[in-house]
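Please work through the exercises below with the sequence and the model at hand, trying each task before reading its solution.

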Amino acid sequence: MSLVEVGERAWPQILSSYRKPDRSRSLLELAVTIVPFAGLWALSAISLHHGFWWGLALVIPAAGFLLRLFMIQHDCGHGSFFAHRKADDWTGRLIGVLTLTPYDYWRRAHAAHHASVGNLDERGVGDITTLTVAEYHSLSRLRRLGYRLYRNPIVMFGIGPIWLFLFKQRLPFGMMRSGMAPWLSTMTTNLAIMVLAAGLIWLIGFGPFMLVQLPIVALAGSAGVWLFYVQHQFEETHWSQSPQWQFRDAALHGSSHYDLPFVLQWLAGNIGIHHVHHLSSRVPYYRLPEVLRDYPELSSTGRITIMESLRCVKLVLWDERSRRLISFRDARGKKRHHHSNAERRIAVNSRPR
C-alpha cells in the first residue's frame, strides 16, 4: 500500500497495531544496555585507578551505551517501553540519575515538543531555536550575533550539551507553572546523582571518577544533541503557522528518517526513524523497524544519510517563501535580491511619464 493510498489521516489507526510492547523484550533491551554500560564504566575507572591509561579508550563505547539508556528513558517518557505508567515512570526516573536528566522535568518539555513540532507559533519549549529569515533580519546586530553563536557547531554540539546536562537540567527553569512534579523530580535526581558520585569517588578516587565520567557525559550528550538536531533541522523539513499547521503533516514531513548503519542505529534506539516516532510516539523503539518493513515507502520519506546530515549544520534559518531551511549565506543573498528588486521598483516608479 502506497503513502498516497494510505493517506495521512489513516496513520494513527495503522500504527496503533505496533504500539503494544513485548515486556520480556523490554527487560532484555534494558539489560543488554545497562549491564555493558556499568561494566565499561567500571573497567575504565579501575584501569585508571591502577595507572593503566588505556582504560580511557573504554569511555567511547560507554558513551554509546549511555546514549542508548537515554533512548530507553525517552520511551519511558512516552509510556511505550512497558506500557505501564508506574513501571515506565520509575524506570525513567532511575535511568535519569545515570543520564543526568530529571525525568518528570524532561518528560513535560518533550511532550510540548511533540505537540508543537513544526509550528512556527509554538516554538521555544523542548526544541532547537529556529528563526525565520524575516525574524533574523529584524534583529539588532547584537542579537543576530547571539543567534549565530548559538548556531555555531562548536556551541551547538560541544559547549551546549555540557551546559545542558551538567548545569541547565539541575534546575527546572521554564516549568514554574507546571506544579511541583518537575521541581521534585529535579531535586531528587540531583540528590541521587550526588550520592552515587560520592560513593564512586570514595571507591576509586576523585581523579579517576572525573576522567571517566566527564568524557562519557560529554560524548553521549553531544551525540544526543546531534541526533535531535538532524531529526528536524534538514532542508526539506516542515514549518507552518496556525491554522495551516496540521499535526500529522508536521510529524511526517517535519521529522527525518536518519538512515544509520546498523550498529549506530542500535545504539541510538532506532530514533533515526523519527517521522514514524512522531506519527505515533507510543510505538516502542524496537518496533519502529517493523513499520518500515511493512510500509517500505516510509523509508524514503525525509530520508537523510550520514553524509547528507553533515551538510545540515549550515542550515539555520527557515525561508517562508521557498519553504526550506537555508544558510546564513543564502539569507544574505535573498536580502540583497530583495533590496535590488525594491530599488528597481522605486527607479521605475520615479521615471517621468
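This is a predicted model: local features need pLDDT of at least 70, side-chain atom pairs count only at pLDDT 80 or more; totals for chains, interfaces and linings use all residues.

**Exercise 1.** Determine how helix H5 and helix H6 are oriented to each other, and which residues make their contact.

Solution. Begin with the axes of H5 (residues 85–99) and H6 (residues 103–116), which come within 9 Å and cross at roughly 110°. Angles from 65 to 115 degrees count as roughly perpendicular, and H5 and H6 are therefore roughly perpendicular to each other. Next, list the residues in contact: H5 contributes Arg-85, Asp-88, Asp-89, Gly-92 and Arg-93, while H6 contributes Tyr-103, Asp-104 and Arg-107. Sorted by class, the contact of H5 with H6 holds six charged residues, one polar and one nonpolar.

**Exercise 2.** Carry out the analysis for helix H8 and helix H9, and state how their contact divides by class.

Solution. The axes of H8 (residues 141–151) and H9 (residues 153–167) come within 4 Å, crossing at roughly 55°. That angle makes H8 and H9 oblique to each other. On the side of H8 the contact is made by Leu-149, Tyr-150 and Arg-151, and on the side of H9 by Pro-153, Val-155 and Met-156. Of the residues in the contact of H8 with H9, five are nonpolar, none is polar and one is charged.

**Exercise 3.** Check the length of helix H10, then find which of its residues are buried and what they pack against.

Solution. The buried residues of H10 are Pro-182, Ser-185, Thr-186, Thr-189, Asn-190, Ile-193, Ala-197 and Ile-204. These buried residues pack against helix H3 (23–49), H5, H6 and helix H11 (206–232). After H10 comes Gly-205, whose phi is positive, near 100°.

**Exercise 4.** Describe the largest nonpolar core, and say which element gives the most to it.

Solution. The largest nonpolar core has 42 residues, and those with the most contacts inside it are Trp-11, Phe-37, Trp-41, Ile-216, Val-276 and Leu-298. Among the elements that give two or more residues to this core are helix H2 (11–15), H3, H10, H11 and helix H15 (288–294). The most comes from H4, with eight residues. A second, separate core of 20 residues includes Met-156, Trp-226, Tyr-258 and Val-313; Met-156 is also one of the H9 residues in the contact with H8.

Definitions and conventions:
Residues are numbered from 1 along each chain as its sequence is written. Side-chain values use heavy atoms; hydrogens and water are left out. Axes are lines fitted to C-alpha atoms, for helices over the stretch in contact, and angles run from 0 to 180 degrees between N-to-C directions. Angles under 35 degrees count as roughly parallel, over 145 as roughly antiparallel, 65 to 115 as roughly perpendicular and the rest as oblique. Contact means heavy atoms within 4.5 Å. Ala, Val, Leu, Ile, Met, Phe, Trp, Tyr, Cys and Pro count as nonpolar, Asp, Glu, Lys and Arg as charged, and the others, Gly among them, as polar. The expected span of a helix is 1.5 Å times one less than its number of residues. Buried means under 20% relative accessible area, exposed over 50%, partly exposed in between (1.4 Å probe, protein chains only). A nonpolar core is a set of buried Ala, Val, Leu, Ile, Met, Phe, Trp, Tyr and Cys residues joined through side-chain atoms within 4.5 Å.
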